[in-house]
Amino acid sequence: MDWLFFIESSLAGLCTGAIYALVALGFVIIYKATKVINFAIGEIMMISAYFFLTFAGIFAWPLWLALPAAVVSGGLLGGLTEKTIIRPMLGESPISVIMVTIGLSNILVGTAQIIWGGGPQVLPGFLPRQPIFLGEIYVSSKIAFSALIAVAMLICYLLYFRFSRGGVALRATASDQAASFSMGISVPRVFNFAWIFGCMATALAGILFSASGGLSPHSGGMALAILVVVIFGGLDSILGALVGGLIIGWLETIVGAFWGGEYKMLAIFTLLTLILVIKPYGLFGTKEIERL
Amino acid sequence: METILEINNIEVVYNQAVQVLRGLSLSVPQGGVVALLGSNGAGKSTTLKSVSGLLDLEDGEVIGGQINFKGRSVKLDSPDKLVHRGLFHVMEGRHVFEDLTVEENLIASTYACRGKRNKSEAAGKKRFDLVYEYFPRLKERSKGLAGYLSGGEQQMLALGRALVAQPDLLMLDEPSLGLAPLLVEEIFRIIVRINREQGTSILLVEQNAAIALSIADYGYILEHGKVVIDGTAEELMANEDVREFYLGASGKDGEQRSYREIKHYKRRKRWLS
Ligand SMILES: Nc1ncnc2c1ncn2[C@@H]1O[C@H](COP(=O)(O)OP(=O)(O)OP(=O)(O)O)[C@@H](O)[C@H]1O
Ligand SMILES: [Mg+2]
C-alpha cells in the first residue's frame with residue numbers, strides 16, 4: 001500500500017469532511033429547533049453559490065464583501081422560506097412538511113435555470129492555487145483553505161450555541177417548546193433564526209464546494225452525501241454532524257482514490273446501513289426522532 | 001381590591017371535540033393567593049393553559065367566555081407576549097430544560113424580562129443571586145445539567161425561573177407533585193415568601209388541598225370543568241363537603257359508612273346539577 005498516497009487522500013478527505021460537517025450542522029440546527037427535515041438543503045447550497053457568482057463575478061465586488069453577502073443572502077433565503085412556506089405548515093404531518101421542502105428544491109432549481117441559465121459555470125477563483133507541502137505530503141491548497149474557512153465558521157457556531165444567550169434560547173426551544181414559550185421566548189422567532197443560521201452555514205458550504213467543483217442548477221444533488229451524514233450522525237446531534245461529516249468525507253475520498261469514483265456511493269451507503277442496523281437513530285441521535 | 005386576573009364563563013374544547021371547561025369563572029385579586037382545587041381531570045391545568053395561551057400547542061381552544069389579564073384580553077397576545085406583560089406559568093411536571101445546566105435554565109427565563117420597565121436582561125441576571133439565596137441547593141449545582149436534579153430540586157429550579165422572571169401573576173400547577181412532605185412545606189414557605197416579598201399575585205393549582213388552603217386567601221373547587229364551591233380559605237376549610245372530599249376528614253363511626261357513602265353521592269350530585 002502506498003502510505004504517502006493514503007495520508008494525502010485522508011487529509012483531502014478530512015478537508016471535504018469539514019465542509020460536509022458544516023452543511024450537516026446547518027441541517028441539524030434546523031431539525032433540532034423546528035423538527036423540520038429540510039430536503040432543499042442542496043438547492044440552498046446551489047442558489048447561494050449563484051449568489052456568490054453574481055456578487056463576485058457579475059457585480060465584481062471584492063471577496064471580503066461578496067463572500068459574506070452571499071452567505072447572508074443564503075441565510076435570508078432560509079428565513080424567508082421559513083416564514084412563507086414552512087410556518088403555515090406548522091402542526092401538519094412531518095411527511096407533508098418534507099414534501100414542501102422537496103417542492104421548494106424544485107422551485108429553486110427552476111429559478112436558477114431561468115436566472116442564470118442551465119449550463120455549467122465556474123466561480124471566480126478566490127482560493128489560493130499553489131500546492132502546500134507538509135514534508136513530503138502534498139495537499140491541494142484549494143481544498144485546505146476551504147476546510148479552514150469551514151472550520152472557522154463551525155467554531156463560531158459552536159461557541160455561539162454554547163455561550164450566548166441566543167444559543168440558550170435555541171437549545172431551550174429544541175428541548176421543550178411549551179416551556180420555552182412560558183419563559184417568554186418567542187418560539188416562532190427562534191424558528192426563523194434557526195433557518196437563517198442553518199442556511200448561512202449551508203450557503204458557505206455551497207460556495208466552497210462550487211469553488212472547486214463547478215456550478216450548475218443541478219449541483220444541489222451533492223446534498224445526497226449530506227443526508228447520509230446527518231442520518232449517520234443522528235438527525236438531532238451536533239456532535240453527530242461533525243463526526244459524521246468527517247467520517248463520510250474521509251471514507252468517500254479514500255474509496256474514490258483507491259477504487260474509483262463509482263464506488264463512493266456504494267461505500268457510504270454500506271456504512272450507513274451498517275450503522276443504522278446497530279444504532280437505528282444514528283451514531284449520536286436520540287430516540288424520539290422520526291425514522292426516515 | 002383590584003383584580004389582576006378575571007376569568008369569565010369560559011368554555012374550552014380539545015381537538016375541536018372534547019369539552020373540558022364548561023362555564024368556568026374565577027378571579028385573582030392583585031397581591032392575593034388563590035387556590036384552585038379539584039380532583040384528577042377536573043380541568044385545573046386546562047384552566048391555567050387557557051390563561052397562558054399554551055392551550056394552542058395542544059390543539060385546545062377557548063370557544064366561549066373571556067379571560068382578562070390586567071384588564072386586557074389574553075387572546076390578543078401570543079404566549080411569549082403575555083410573559084413579557086407579567087404573567088408566568090409554571091407548568092405541571094416542572095418542565096425544566098433537562099439538557100441545559102441549572103444556570104442556563106435561569107438564563108432562559110431572563111427572556112421573560114424583555115420589554116418591562118426597569119426589568120432588563122441584566123436586571124434578570126442580577127436576580128440569580130436571589131434565586132440562590134432562596135435555594136442554596138441550586139447554587140451548588142448551577143453548572144450541572146438540570147435533567148440530573150432530583151424532583152424536588154427541579155421544582156426549586158422551576159420556582160427559581162419564576163423569581164428571575166419577576167412576574168406580576170404567578171400560576172403554579174401542582175408544585176407539591178411527587179415531593180416528600182418536608183420538601184412540600186419548604187416549597188410552600190418559599191411560595192409565601194415570593195408572595196410577600198415580591199408582591200406577586202399567585203394562582204395555585206393543587207391536589208394537596210390542606211396545604212394549599214393554608215396559604216391561600218381564597219379558593220375555588222372545580223368539578224367537571226366548572227366551579228362548584230368557592231369561598232375564603234377559612235370558609236372552605238370549615239365547609240363540611242370540602243372537609244370530607246378534599247381534606248380527607250374521616251367519618252366518625254365505621255358502621256354508618258355505607259349510609260354516609262350514599263350521602264356523599266347525593267352531595268356530589270348537587271354540585272354537578
Ligand atoms: N391535550 C389534551 N387533549 C385532549 N384532552 C385533554 C388534553 N389535556 C387534557 N385533556 C383532558 O381534559 C380533562 C382535564 O384535564 P386537566 O389536565 O385540565 O385536568 P387537571 O384538573 O389538571 O387534572 P390533574 O389533577 O390530574 O392534573 C381531562 O379529562 C383530560 O383527559
Ligand atoms: Mg393538572
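## Burial and the basis of the model

A residue is called buried when its relative accessible area is under 20%, exposed when that value is over 50%, and partly exposed in between, with a 1.4 Å probe and protein chains only. By this definition B:Glu104 is buried, and A:Arg171 is buried as well.

The model is predicted, so that local features need pLDDT of at least 70 and side-chain atom pairs count only at pLDDT 80 or more, while totals for chains, interfaces and linings use all residues. Residues are numbered from 1 along each chain as its sequence is written, chains are lettered from A and ligands numbered from 1 in the order in which they are written, and side-chain values use heavy atoms, with hydrogens and water left out.

## Salt bridges

Over all chains the structure holds twelve salt bridges, a salt bridge being a side-chain nitrogen of Lys or Arg within 4 Å of a carboxyl oxygen of Asp or Glu. One of them pairs B:Glu104 with A:Arg171, whose closest N and O atoms are 2.9 Å apart. Because B:Glu104 lies in helix α3 (residues 102-109) of chain B and A:Arg171 in helix α6 (residues 165-175) of chain A, this pair joins two chains. Helices (H or I, at least four residues) and strands (E, at least two) are DSSP runs, numbered from the N terminus.

Within chain A, the side chains of A:Arg87 and A:Glu82 meet in a salt bridge at 2.8 Å, N to O. A:Glu82 has a relative accessibility of 1% and therefore counts as buried, whereas A:Arg87, with a relative accessible area of 25%, is partly exposed.

Within chain B, B:Glu153 forms a salt bridge with B:Arg141, and the closest N and O atoms are 3.6 Å apart. This pair links distant parts of the chain, since B:Glu153 is in helix α7 (residues 151-165) of chain B and B:Arg141 is in the loop between α6 (136-140) and α7 of chain B, twelve residues apart. B:Glu153 counts as buried at 7% relative accessibility, while B:Arg141 counts as partly exposed at 37%. Salt bridges that share partners also join A:Arg162, A:Arg171 and B:Glu104 into one network.

## The magnesium site

The magnesium ion (ligand 2) is coordinated by B:Ser45 through OG and by B:Glu92 through OE, at 1.9 to 2.2 Å. Because B:Ser45 lies in helix α1 (residues 44-52) of chain B and B:Glu92 in the loop between β6 (87-90) and α3 of chain B, the pair ties together parts that are 47 residues apart in sequence. B:Ser45 is buried, with a relative accessible area of 16%, but B:Glu92 is partly exposed, at 34%. Donors are N, O and S atoms within 2.8 Å of the metal (3.2 Å for Na, K and Ca), and water is not among the atoms, so sites may look incomplete.

## Surface patches

Patches are made of residues with over 30% relative accessible area and no salt bridge, like charges being joined within 9 Å and nonpolar side chains (Val, Leu, Ile, Met, Phe, Trp, Tyr) within 5 Å. A nonpolar patch on the surface is formed by A:Met1, A:Trp3, A:Phe5, A:Phe258, A:Trp259, A:Tyr263 and A:Leu266, which together have about 820 Å² of accessible area. The elements that give two or more residues to this nonpolar patch are α1 (3-34) and α10 (238-259) of chain A. Accessible areas come from the Shrake-Rupley method with a 1.4 Å probe, and for residues only the protein chains shown count as cover.

A patch of positive charge gathers A:Lys83, A:Arg189, B:Lys81 and B:Arg114 on the surface. Among them, A:Lys83 lies in helix α3 (residues 63-86) of chain A and counts as exposed at 52% relative accessibility. A negative surface patch is formed by B:Asp217, B:Asp230, B:Glu234 and B:Glu235, of which B:Glu234 lies in helix α10 (residues 233-238) of chain B and counts as exposed at 55% relative accessibility.

## Backbone angles

Most residues other than glycine have a negative phi. A:Lys35, which is not a glycine, has a positive phi of about 60°; A:Lys35 is placed in the loop between α1 and α2 (41-58) of chain A and counts as partly exposed at 41% relative accessibility. In chain B, phi of B:Gln166 is near 50°, a positive value in a residue other than glycine, and B:Gln166 is placed in the loop between α7 and β7 (169-173) of chain B.

Key:
Lys, Arg positive; Asp, Glu negative; His and termini not counted. Charge placed at Lys NZ, Arg CZ, Asp CG, Glu CD.
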